[in-house]
Structure formats: structure tokens, C-alpha cells
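Dear colleague,

I am handing over the structure below, followed by notes on what was found in it. Please read the notes with the structure open beside them.

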Amino acid sequence: MKDFGNMFARRYSAVCVNDEDANNYQRKSLDKAGFGPGSTTNGDPAATSAAMAALQRAQRRKSLKANRSMKPMDILGSFFNEPNQGKRNRVPKRAFLLLAIGFLAITTAVLVKVFQPYDLIFRWKLIMSEGGEIFNLWADPPVDLYIKIYLFNITNAEAFLAGREQLKVEQVGPYVYKEIMSHKNVTFNKNNTMSSTPSHPLVWQEEMSGGRREDDEVIMLNIAMLAISHLTANHPFLVRMALKTLLASTKSEPIVRTTAKEFMFGYPSALATLGNTFLPNWISFEKVGLIDRMYDFTTDYETFYTGVPDPALSGLYATYRGEKTLPQWEGNHCSNIEYASDGTKFKSFIQPNETVKFFRKSMCRPINLVSVRRYSEITVFQHILLFIQYRVGEEKTYGSLKGYNYVFEDNAFDNGVSNEANKCFCRKGDCQPVGLIDVTDCYYGFPISLSFPHFMNGDEGLQQNITGMNPDPNKHSSVFVIQPESGLPLSLSVKVQINMHFKDLSNYHTVAQFSHLTAPMLWFEIMMPGLPDSLNSRFNFYLNILPLVNPLGFWSALLLGVGLLGYAITKATLHMSSYGRQSAKISEGNYARANLLRTLRDSDDGAANQVYSPCEVKLIVDRPGSKQQPVIVRPNGDDSVFQHVRGKSAYVLDMEPALSDAGESSDESPNYDIPLSRN
């Protein structure tokens with residue numbers, strides 16, 4: 001590169017001079033060479049020719065060496081800039097703009113790869129803020145959420161109470177209600193949480209109930225009588241005698257005939273009325289109804305995370321009734337509800353093999369959800385592996401969104417038989433059979449146990465003691481379809497059965513047949529069949545279209561930048577190569593041969609081929625200390641010596657390539673125009 005810069009040591013600038021100045025300069029040059037008018041060799045043609053050749057060689061050497069310094073960066077500067085209409089200032093060329101855009105595009109590609117703009121936008125959208133989009137969807141979910149209720153109607157009440165037959169039931173339903181789920185009285189706290197009171201009113205859906213009516217008559221258990229009998233079964237004799245007298249006076253029976261609505265939402269009971277009168281802290285209601293008690297949220301208050309600083313946790317439980325743990329269970333595994341979902345939104349950015357937590361008041365406990373294939377597709381060996389690796393499920397598509405199937409973890413109701421950690425669900429150290437969970441403390445002290453519908457996956461004795469149980473995993477399994485990036489539930493189907501689990505009741509003759517029996521009362525399914533079209537379209541944009549911003553932005557910017565840089569570098573290389581080719585032509589041999597041919601052709605008539613008027617080729621000397629400005633001129637006289645000089649000087653002007661590129665030099669020196677005129 002250093003040698004390349006030396007090729008352009010100086011440059012020429014041609015300006016017109018008068019003939020008299022030219023003649024004077026030429027004569028002075030000849031006088032110095034000893035061939036002036038007073039010279040002794042003036043009349044000798046051979047000597048004159050030799051003198052002219054020597055003078056020409058001297059001028060040629062000066063011309064070749066008298067090039068102004070032009071560095072490689074100056075050459076690039078001439079490529080990327082051009083004069084602004086002959087003025088000293090320069091304006092960028094298009095190539096420079098393309099180069100700048102190329103660098104900017106590559107920088108943009110790097111920033112896209114490093115910062116992932118879609119992820120930043122999506123994380124920002126997940127944060128709960130007052131009036132924000134995700135907050136509004138969480139506070140009042142615009143989804144169709146239903147609860148289907150199936151009652152176990154007793155078909156042999158008399159024979160069972162007489163001890164002749166075991167309890168027989170038949171499933172009746174569904175009785176369908178729409179659940180209007182919302183979070184009321186939301187308050188944002190300073191610790192990046194928000195507090196609210198839950199609201200879940202139910203609206204009867206007759207068209208979805210398959211011809212069932214709320215006033216259908218059913219034969220069901222008398223919850224109040226059986227609960228009081230169970231609670232006092234081991235009390236002193238006097239207490240039991242007083243209760244027997246009370247039961248007889250109120251004509252209470254363990255099995256009653258009522259309507260479906262009354263059993264679900266409360267039916268008149270003398271025992272409940274007495275309990276509410278004399279024990280208001282225990283029985284705060286006058287009617288006993290399972291669904292009514294299950295949906296009683298009047299004393300509940302909950303706190304959820306807003307997603308600051310971790311957007312993945314937005315909408316998840318921070319506390320329930322002011323505590324991170326449930327008071328009825330011991331141990332963090334059984335009681336901790338922090339980071340659980342109430343079903344509105346689950347954890348975002350769920351990783352493979354990661355469990356998610358679900359909590360609902362009616363279940364009285366948090367429960368882990370895992371992603372698995374259908375049970376029919378899982379071998380025994382794979383069942384064992386599920387404890388180690390959960391994400392073996394395949395994606396399911398709902399509308400335009402894809403999610404994973406999540407189900408309750410295996411042995412969720414085993415009470416420590418298979419999973420030692422579940423022993424904390426044994427209430428007061430009393431472990432119920434596998435498949436049951438004791439939730440007495442959540443249902444006012446009533447002996448209530450939860451299980452899967454029809455005692456599915458439960459102890460065989462549970463099914464053998466009741467006629468009419470037909471567990472079917474395809475019908476009775478719970479499924480959560482969750483979009484893992486957003487935590488959005490695409491579909492829900494939570495199925496749980498409510499039972500009464502009795503100990504020894506032999507001290508009460510009227511209810512003795514229920515001793516050590518788990519009697520099913522109803523099972524319900526909380527379901528969301530799918531997202532409405534409006535939500536599906538909105539989240540399709542967020543989850544399927546917007547993610548293309550990252551790869552498209554990265555590759556588009558990268559290809560554009562590389563293309564523009566490649567084009568600019570190629571053009572610069574070609575431009576610099578053209579300078580190299582032009583400089584190579586100004587070699588000693590080529591220049592001498594060109595002047596020799598011109599000398600032979602114009603020796604007889606040097607003026608015949610003159611095209612331009614006499615001009616002076618001025619050497620622009622930039623080096624300090626430079627004083628002389630050599631010129632090559634054409635004389636005005638008829639002297640043959642000057643005729644030779646005129647031809648040679650004109651040819652020098654024609655052959656010097658530095659003149660043709662003078663306009664592309666750098667801004668370090670002034671520009672000179674080259675005015676030329678015809679003879």
C-alpha cells in the first residue's frame with residue numbers, strides 16, 4: 001500500500017499562460033543548457049537536436065517525479081465524495097450512503113440477535129398494570145366458563161338402611177351453570193402485588209343441561225344429620241343421648257328426597273337452623289348445599305403477582321387470605337399456594353419437564369400439573385419415568401394456537417402410599433384410603449373427602465362398596481391445555497368428586513349402615529371448551545405472527561448489510577485498481593516510446609497536429625521548502641528548436657493521466673480548472 005501511495009506523489013494543474021512568458025521560460029532553459037542564441041552551437045542542427053533530447057528527458061523526469069502526495073485514503077475519499085459544483089466542500093456519493101446503511105443494517109441485526117425485541121415486547125405485555133390489556137383480561141376474563149354437575153341419586157334407600165343391600169347409586173345430570181369469574185376490588189400494592197376479592201356467580205344453562213331441570217327430584221344424603229352424627233360418634237354417652245333426642249324430635253332421616261337445585265344450593269334443615277342459632281361460629285348458614293358452600297367467596301381475599309420484576313409470574317398467587325400457606329396442612333409441599341394459578345393464567349415461559357401449580361378453594365389444596373400423553377398411550381415403564389420427566393406430551397391445537405396437555409400429577413391423592421411427600425395430606429395423622437383427600441377443615445368440619453370421579457385411580461374397596469361406580473379415564477380425567485409461552489389456558493376440564501367419608505357410626509342406630517363407608521354425592525366438571533374468536537385472533541397475532549419479528553428482522557438486516565457492504569467494498573476495490581492501472585502506464589519505457597513516436601511524426605511539422613492553445617502545466621508542490629514551479633510551454637516564435645518543444649509539451653499534456661483525475665482528489669488542496677481552447 002505504501003508503494004501504491006508513492007505512485008501518486010503529486011499531481012498537475014494546467015493553466016493558460018501567454019506566449020511571451022512561455023518563450024522566456026523556454027529560452028532560459030536552453031540558455032542554461034548551453035543552446036541559447038548566444039551559444040556557439042546555435043547553428044549546428046545535430047547539436048540542437050541533442051540539446052532538445054536532453055532537455056526533453058530532463059522535463060520528462062521532472063514530470064514523472066512531480067506528483068503531489070496522494071494517500072490510499074485520499075483515493076477512497078475521492079470514491080465516496082464528489083465536489084459540490086466546483087466548490088471546496090464535498091458531498092457524499094451514493095456509495096458512501098450504501099456503505100453507511102450496510103453498517104447500520106448489520107448493527108441492527110446484531111442488536112436484534114442480542115436483545116430479541118419480540119421477547120422484550122412480549123414480557124412487557126405480560127406485566128399487570130391498571131388499565132393494561134393483560135390486566136383487563138385477567139380481571140374480567142371474556143371466556144365461556146361452565147360447571148357441569150352430576151348427582152349420585154340413591155336408588156335403594158330402604159334396602160340399604162335395612163342392611164339388606166349395599167348402597168346403589170345412579171349418575172344423573174349434567175346440570176350446567178355458567179360461571180362468571182372475575183376479580184373485584186383490585187388494589188395495586190407497593191410490593192409489586194395486587195389484592196382482590198374473587199367473584200364466581202353461577203347462571204343456569206338449561207339448553208346445555210340435556211333436558212335436565214333444576215327441580216328434578218333426587219334422593220340424596222342428609223349432609224347435616226350425617227355430619228353431626230360423625231362428629232359426635234365418639235363423644236360421651238350423655239352427648240350422644242342428647243343428639244339422639246334432637247334427631248328424633250326433628251324427624252331427621254339420613255337419606256332425604258329433595259330437588260337437584262336444593263341439594264346443590266341449600267335445602268331447609270332443622271339441624272342446620274339449630275346449628276346456626278346456637279353455634280354461629282361453626283354453622284354460619286341456615287341451609288346446607290354443597291355447590292353453595294363450594295362457591296362461597298364472601299370471606300376470601302387474594303393477592304397476586306403483577307409480573308414485576310419477573311413477567312412469568314404475573315397473575316399467580318402471592319397469598320391466600322394473607323398467607324402463602326394453607327392452615328389445614330403441614331409442610332410446604334401440601335400447604336404452599338405461592339405461584340399457583342387460579343385457572344385464569346398459568347405461569348409463562350413454561351420449560352419442558354416443568355410442573356405448574358393449580359389452586360382452587362373447592363379443592364382445598366394446591367395440586368401440581370404435569371404434561372403427559374393420554375393414559376392409553378403410556379406403558380408401565382413410561383409411567384415410572386413420569387416421576388423423572390414430565391414433558392412427554394404432544395402439542396394440541398385449539399383454533400390457531402398450540403398448547404400442551406397438562407393433567408394432575410400421578411398419585412396426587414395417594415396420601416403418601418406411593419409418594420412419601422403426600423403424607424402431609426393425612427389430616428391429624430389419619431390417612432384415608434388411596435384416592436381420597438380429607439378436606440374436612442375446608443367444609444365447616446363436615447366429613448368431606450375429594451376424589452376423582454367414580455373413585456378413578458382410587459382404592460378398589462371404594463368402588464366395591466358402592467354399586468354404580470364406572471370409572472373411565474376418557475370421561476373422568478382432568479385436562480388443562482396450556483400455551484407454554486404465555487401461560488394462557490386454551491381449554492380446561494377439571495373433574496373432581498365430593499364424597500362423605502365416615503368412621504365408626506355404630507353408636508347411632510339410624511346411621512350405623514354408613515360406618516366406614518365413603519358415599520359419593522356428586523362430581524363436577526369446571527370446563528372452558530376454548531377461547532372465543534376475539535381472543536383467539538388477538539393471541540394468534542401475539543404468539544404466532546409477532547414472533548416472526550426476531551428471525552425476519554435479524555436475517556433481513558444481516559443480508560441487507562452484507563449485500564451493501566459487499567457492493568461498496570467491491571466498488572472501492574475496483575476504483576483503487578483503476579488508479580493502479582493508470583499509474584502503471586506512466587512507466588519510463590512506455591512514456592519514452594510514446595514521445596519518440598510523436599517526435600518522429602511531428603519533427604517536420606510540429607505545429608500541424610496542435611489542437612489546443614498554449615497552456616502551462618504547473619506543478620503543485622505541497623512539500624515545505626518548494627520554490628520552483630516548472631512549466632512546459634509552447635513558444636510563439638518560428639525557431640525550430642521551439643517548434644520541437646511545442647510538440648513535446650502538447651504531447652505531455654495529452655499523455656499525463658494525473659490531469660484527467662485532478663477533479664477526484666481529496667479536499668486537502670485547492671482545485672484548479674483546466675481551460676483549454678482550440679487553435
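Accessible areas come from the Shrake-Rupley method with a 1.4 Å probe, and for residues only the protein chains shown count as cover. On that basis the protein chain exposes about 33,600 Å², of which carbon and sulfur atoms supply 55%.

This is a predicted model, in which local features need pLDDT of at least 70 and side-chain atom pairs count only at pLDDT 80 or more, while totals for chains, interfaces and linings use all residues. Residues are numbered from 1 along each chain as its sequence is written, and side-chain values use heavy atoms, with hydrogens and water left out.

Of the 679 residues of the protein chain, 49% count as buried (under 20% relative accessible area, with exposed over 50% and partly exposed in between; 1.4 Å probe, protein chains only). The secondary structure comes to 22 helices and 24 strands, these being DSSP runs numbered from the N terminus (helices H or I, at least four residues; strands E, at least two).

Helix H9 (residues 223–231) is largely enclosed by the rest of the structure, because eight of its nine residues are buried; among them are Ile223, Met225, Leu226 and His230.

In helix H6 (residues 117–126), the buried residues include Tyr118, Phe122 and Leu126. They cover an arc of only 70° around the axis, which puts them on the same side of H6; the arc is that of the directions from the helix axis to the C-beta atoms.

Leu111 belongs to helix H5 and, at 43% relative accessibility, counts as partly exposed.

Best regards
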